[in-house]
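Visitor: I have a structure to look at and some quick things to ask. Can you walk me through it?

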Amino acid sequence: MGLCISRRETTTLKRRHSTGGVGGSYRWNRTRSKKHESLINEQALAAAIILQQQLRNGGDGGGGGGVAAFPFDRSSSVRYQRSNSKGNEGMLRSKSTRARSLTDPLLQPHQLVNQEIKLEELETSHFVLIHGGGFGAWCWYKTIALLEEGGYKVTAIDLTGSGINSFDTNSVSSLPQYVKPLTDFLESLVEGEKVILVGHDFGGACISYSMELYPRKVSRAVFVAATMLTSNESTLDIFSQKVDSNDMMQQARIFIYANGDDQPPTAIDFDRTLLKDLLFNQSPSKDVALATVSMRPIPFAPVLEKLSLSDTNYGSVRRFYIETQEDNAIPISLQESMINKRPPERIFRLKGADHSPFFSKPQALHRLLVEISKIQ
């Protein structure tokens with residue numbers, strides 16, 4: 001989720017008006033034929049229905065403030081949370097004909113975890129997965145299955161206005177409000193309980209904010225192609241470094257002005273016809289279809305907020321960064337720039353991974369998460 005704007009840009013930006021959040025009017029400039037569009041929609045909807053059936057496990061919504069109408073039957077801040085499981089559920093095999101990279105072979109989940117590892121000897125075996133801008137807890141479904149098969153406990157959270165959280169994205173007015181489902185979860189942990197926070201994309205800023213508030217509840221933090229900010233820096237500051245007239249992000253973004261054209265944007269969305277090249281250039285087509293029907297706009301206000309990060313709190317948490325080397329949304333040069341400004345404890349690289357490694361390199365990502373959990 002990279003973005004950068006200037007006031008002069010606003011006269012030439014692609015605009016889309018909303019009449020009250022997700023229930024508003026969506027208009028896409030598409031050149032696909034109706035027949036092709038219908039086929040894509042059928043495939044995508046089928047994938048979304050299957051995923052909802054597999055991961056259906058509702059919770060309480062978080063978001064602060066009123067709840068706007070949204071076409072889901074429930075609100076959920078914790079999209080997927082289960083206790084340790086060693087059943088035979090496993091991850092569904094993909095039927096994609098896409099050639100698999102030798103760096104990410106298709107292995108059974110039990111082959112990906114060192115069978116001699118004793119989870120009870122780890123500082124924590126509980127992963128908390130935080131999605132990026134526009135995504136939701138649904139994007140982690142492969143990672144959830146792989147980790148749980150290895151005996152880990154996993155919680156994937158929908159931030160305010162994301163995934164199936166019913167709050168109107170256009171009404172999210174601050175970073176604390178956006179991150180509230182995560183901070184509420186951390187607050188609920190019993191004394192002495194710790195988790196491994198994993199943040200993707202804009203989720204990096206979200207876990208950083210939470211690390212500052214609850215450093216004693218976070219064993220370590222993993223930034224996956226994520227915004228890793230320094231103090232007094234915002235996500236917008238990071239992406240303003242990559243201004244380029246040919247930048248794919250600038251071509252794909254669509255600003256939403258729910259409060260009128262004369263007011264600041266309330267959210268950012270993406271042109272669905274450009275999603276694959278921007279976020280999923282190495283991902284299976286079925287996952288791209290799922291994302292196409294599942295992604296929601298990104299609330300604008302939180303990306304403007306500068307974080308206040310102290311060495312005492314945020315700086316006391318062990319940080320790890322996972323680079324995605326075929327990333328078109330947050331290019332490797334920008335990832336390395338963030339790393340160089342505030343180096344983490346260790347850096348891992350996912351060769352051949354696009355901006356969404358939970359889709360394009362799920363097994364390799366899983367191996368790295370397990371390895372990080374074992375670092376003494």
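This is a predicted model: local features need pLDDT of at least 70, side-chain atom pairs count only at pLDDT 80 or more; totals for chains, interfaces and linings use all residues.

Visitor: Which residues of helix H11 are buried?
Guide: In H11, residues 332-341, the buried ones are Leu334, Gln335, Met338 and Ile339. Buried means under 20% relative accessible area, exposed over 50%, and partly exposed in between (1.4 Å probe, protein chains only). Helices (H or I, at least four residues) and strands (E, at least two) are DSSP runs, numbered from the N terminus.

Visitor: Where do they sit around the axis?
Guide: On the same side of H11, because they cover an arc of only 140° around the axis. That arc is taken from the directions from the helix axis to the C-beta atoms. In general, an α-helix has 3.6 residues a turn, so residues three or four places apart point the same way.

Visitor: And what is on the face turned away?
Guide: The exposed residues Ser333 and Asn340.

Visitor: What do the buried residues of H11 pack against?
Guide: Helix H6 (235-239), strand E12 (318-324) and strand E13 (346-350). Contact here means heavy atoms within 4.5 Å.

Visitor: New topic. How many aromatic pairs are there?
Guide: The whole structure has 12. Rings of Phe, Tyr and Trp (its six-membered ring) pair if their centres lie within 6.5 Å; planes under 30 degrees apart count as stacked, over 60 as edge-to-face and the rest as tilted.

Visitor: Why is the pair of phenylalanine 255 and phenylalanine 300 edge-to-face?
Guide: Because their planes are at 75°, with the ring centres 6.0 Å apart.

Visitor: Which parts does that pair tie together?
Guide: Phenylalanine 255 lies in strand E8 (residues 253-256) and phenylalanine 300 in helix H10 (residues 300-304), so the pair ties together parts 45 residues apart in sequence.

Visitor: Is phenylalanine 255 buried or exposed?
Guide: Buried, at 0% relative accessibility. Phenylalanine 300 is buried too, with a relative accessible area of 5%.

Visitor: Last one. Where is threonine 124?
Guide: In the loop between helix H2 (109-112) and strand E3 (126-130). Threonine 124 counts as buried, at 7% relative accessibility. Not counting residues up to four places away in sequence, threonine 124 touches Lys194, Val195, Ile196 and Ser219.

Definitions and conventions. Residues are numbered from 1 along each chain as its sequence is written. Side-chain values use heavy atoms; hydrogens and water are left out.
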